[in-house]
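Colleague: I am new to this structure. Could you take me through its spaces, its rings and its core?

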Amino acid sequence: MPDTAVLHNIFKLYFLIGLIANDLLFAVHFRRIRQARTIDARKTGLDIPLWVLALLGTQAIPVVYVLTSWLDFADYHLPTWFGLFGAGLLAVALWLYWRSHAVLGRNWSPSLQIREGHSLVTRGVYRYVRHPIYAADWLWGIAQALLLQNWIAGLSCLASFLPIYLYRVPREEQMMLEHFGEEYREYMKRTGRLIPRFWR
Ligand code: SAH
């Protein structure tokens, strides 16, 4: 087993590769929806500040931590298997992003929007949960805390995602209810927000 310092560097590198893969996935899907016409956009003055906060916590702070030693004063140390578990969680999160985008297709949007020809997706991973992308964000946040063992960079994803999540999900579900009515209401009964309702 390599010593702790080497292991932490391996975890940092693994995280960085995962982050690049995630950003590439985002870019590919962003390109795909560029042409799609929007028929309803729910924008508020809080959207941009919350986005900036999330970008700081999920991109800027972890990248600064991995590439410099500026934040090292706030390091913590967990047993090795925590890091290995984090590596597994990061892979699961990436898989979930990939599968969610694969079925959501052009219905995806980075902000709350309804597209022309928007259809309600209830298959694939959406069969089990209504918000698999946000579930992946939470898994990513936990993985980040286990891989980047630092009070600032490790927890920045969880801390910056919580406000946008709490602000966004009720508004998103309200928008979906307004557009898809009974179909979405039934879908809500069968599915959990983040955790599947296997007993239904
Ligand atoms: N909350 C979902 C999707 C995030 S992307 C998730 O976590 O996976 C946000 C956009 O996806 C919303 O603006 C909405 O228009 C669209 N959306 C959300 N759930 C959807 C569904 N089941 N079918 C189709 N579009 C959906």
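Modeller: Let us begin with a term. A charge sits over a ring if NZ of Lys or CZ of Arg is within 6 Å of the ring centre and within 35 degrees of the ring normal. Keep in mind that this is a predicted model.

Colleague: Which residue lies over the face of Trp98, and how far is it from the ring centre?

Modeller: The distance must be within 6 Å for a charge to count as over a ring. The residue over the face of Trp98 is Arg99, and its distance from the ring centre is 4.7 Å.

Colleague: Over which ring does the charged end of Lys12 sit?

Modeller: For Lys, the atom that counts is NZ. The charged end of Lys12 is 4.5 Å from the centre of the ring below, and that ring belongs to Tyr65.

Colleague: How many aromatic pairs does the structure hold, and what kind of pair do Trp81 and Phe82 make?

Modeller: The count of aromatic pairs is twelve. In the pair of Trp81 and Phe82, the ring centres are 4.4 Å apart and the planes meet at 40°. Planes under 30 degrees apart would be stacked, and over 60 edge-to-face.

Colleague: Is Trp81 buried or exposed? And what does Phe82 count as?

Modeller: Exposed means over 50% relative accessible area, and buried means under 20%. Trp81 has 55%, so Trp81 is exposed. Phe82 has 27%, which lies in between, so Phe82 counts as partly exposed.

Colleague: Which residues do ring pairs link into a cluster?

Modeller: Rings pair if their centres lie within 6.5 Å. Such pairs join four side chains into one cluster: Tyr134, Trp138, Phe161 and Tyr165.

Colleague: Now the spaces. How much space lies in the largest pocket, and which residues lie nearest its centre?

Modeller: The largest pocket holds about 960 Å³ of space. Its lining has 42 residues. Those nearest the centre are Trp108, Ile133, Tyr134, Asp137 and Arg168.

Colleague: Which helix gives the largest share of the lining of the largest pocket?

Modeller: Helices α1 (4–33), α2 (47–67), α3 (80–104), α4 (132–147) and α5 (156–190) each supply at least two residues of that lining. By class, the pocket lining has 26 nonpolar, eleven polar and five charged residues. The largest share is ten residues, and the helix that gives it is α5.

Colleague: How many cavities of 30 Å³ or more does a search of the whole structure find, and which residues line the largest cavity?

Modeller: The search finds one cavity of 30 Å³ or more. The largest cavity has about 100 Å³ of space. Its lining divides into six nonpolar, one polar and four charged residues. They are Arg42, Asp47, Leu50, Trp51, Pro110, Ser111, Leu112, Ile164, Tyr167, Arg168 and Arg171.

Colleague: Which helix supplies the largest share of the lining of the largest cavity?

Modeller: Both α2 and α5 supply at least two residues of the cavity lining. The largest share is four residues, and it comes from α5.

Colleague: Which residues touch the most other members of the largest nonpolar core, and which helix gives the most to this core?

Modeller: This core has 48 residues, and those touching the most other members are Phe15, Tyr97, Tyr126, Ile133, Trp140, Met176 and Tyr184. Helices α1, α2, α3, α4 and α5 each supply at least two residues of the core. With eleven residues, the helix that gives the most is α5.

Colleague: Is Tyr184 buried or exposed?

Modeller: Tyr184 is found in helix α5. The relative accessible area of Tyr184 is 3%. Buried means under 20%, so Tyr184 is buried.

Colleague: Where is His131 found, and is His131 buried or exposed?

Modeller: His131 is found in the loop between β2 (113–115) and α4. At 3% relative accessible area, His131 is under the 20% limit, so His131 is buried.

Colleague: How far apart in space are Val125 and Ala102, C-alpha to C-alpha?

Modeller: Val125 also has its place in the loop between β2 and α4. At 12% relative accessibility, Val125 counts as buried. Val125 and Ala102 are 23 residues apart in sequence, and their C-alpha distance in space is 9.6 Å.

Terms used
Residues numbered from 1 in each chain as written. Predicted model: local features only at pLDDT ≥ 70, side-chain atom pairs only at ≥ 80, totals over all residues. Heavy atoms only, no water. 1 Å grid on protein atoms, 1.4 Å probe; cavity = no way out; pocket = protein on both sides within 12 Å on 5 of 7 lines; lining within 4 Å. Points joined across faces, edges and corners; volume = space filled by probe spheres on them. Nonpolar A, V, L, I, M, F, W, Y, C, P; charged D, E, K, R; others polar. Phe/Tyr/Trp six-rings, centres within 6.5 Å; stacked < 30°, edge-to-face > 60°. Buried < 20%, exposed > 50% of the residue type's maximum accessible area, 1.4 Å probe, protein only. Core = buried A, V, L, I, M, F, W, Y, C linked by side-chain atoms within 4.5 Å.
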